[in-house]
Amino acid sequence: MKDNEIVIKISSGDDDVTLAFSETTKIKDVENAAIHELGFEGSSDGFELVYEGNTLTPDERPLVSFHIPNNACLELVATGQGV
Amino acid sequence: MTTQSELMVQKELTAVEKYATAKGFQVAVVDTLTFVVKNLPSKNGEKYALHVHCEDYPNKPPIFRWCAPETFELESPKDTPKGGGGFFHGCGTPCAPWNRNSYKQFHSKAPHGDWNMEGWQTNSKIGQCTTIPRMIVKMCTELQSERYIGRAA
């Protein structure tokens, strides 16, 4: 593992994937990487990353700004609304 | 003969069970089209159970109802979470296009007479929430969110 790199497990419910990112990677790019690795259709607009109940927004912010630790488990949550 | 719905549920339930193991809650299978996710943790430590019935899924959305964890009694206020946002709807059901219980087509007290169950996956509010595991993840994260307040009774 490189310096300033963290490993994250991301679960959508359908499946999960473990990926390594630089701490400065934008949340949006983490979402897109997970969507690609999990083989989903669509873009980051259809999902949001959640860590311990907190949605990681705005998605232009980097991982490090949300204090995501190494080996954290995040949820990739579909953005369907409750109405 | 195994139906299309049973095959879909079998496949998606495997993913739900894997996620449940990772998150520390349980899945109780009732029959080939019905299961209960038990001990869903909320942010204040209270636990909830969701009864999921999938007859005619995916042609129609599953039916999600809060229930008692042991008896599976449906929709008692003491087993129902409340909070902000549409998922903790005052009608006592997770209110979303992926829940059949939200449609007046399904029952008269449901909040949405403006939605059609057929083609539910194309409802403008559905987003990517089109599989049962994603629906379960959605409800888990809602219970952990600041929108959750506590029990309805």
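The radius of gyration is taken here over C-alpha atoms, and the globule rule is 2.2 Å times the number of residues to the power 0.38. The views below come from a predicted model.

**View 1. Overall dimensions of chain A.** For 83 residues, the rule puts a compact globule near 12 Å; chain A has a radius of gyration of 12 Å, so the two agree. The C-alpha trace spans about 40 × 25 × 20 Å along its principal axes.

**View 2. Fold of chain A.** One helix and five strands make up the secondary structure of chain A. Read from the N terminus, the order is β-β-α-β-β-β. Take the contacts between residues at least 6 apart in sequence: 52% of them join residues at least 24 apart.

**View 3. Surface and charge of chain A.** Of the 83 residues, 45% are buried. Chain A carries 16 negative side chains and 5 positive ones. The centres of these two sets lie 6 Å apart.

**View 4. The largest nonpolar core.** This core holds 60 residues. Those with the most contacts inside it are Ile10(A), Ile68(A), Leu74(A) and Leu76(A), together with Trp98(B) and Ile136(B). Helix H2 of chain B, residues 132–144, gives the most to this core: seven residues. In soluble globular proteins, nonpolar side chains tend to be buried together.

**View 5. Surroundings of Leu76(A).** Residues up to four places away in sequence are not counted here.

Conventions. Residues are numbered from 1 along each chain as its sequence is written. Chains are lettered from A and ligands numbered from 1 in the order in which they are written. This is a predicted model: local features need pLDDT of at least 70, side-chain atom pairs count only at pLDDT 80 or more; totals for chains, interfaces and linings use all residues. Side-chain values use heavy atoms; hydrogens and water are left out. Helices (H or I, at least four residues) and strands (E, at least two) are DSSP runs, numbered from the N terminus. Buried means under 20% relative accessible area, exposed over 50%, partly exposed in between (1.4 Å probe, protein chains only). Contact means heavy atoms within 4.5 Å. Lys and Arg count as positive and Asp and Glu as negative; His and the chain ends are not counted. The place of a charge is taken as NZ of Lys, CZ of Arg, CG of Asp or CD of Glu. A nonpolar core is a set of buried Ala, Val, Leu, Ile, Met, Phe, Trp, Tyr and Cys residues joined through side-chain atoms within 4.5 Å.
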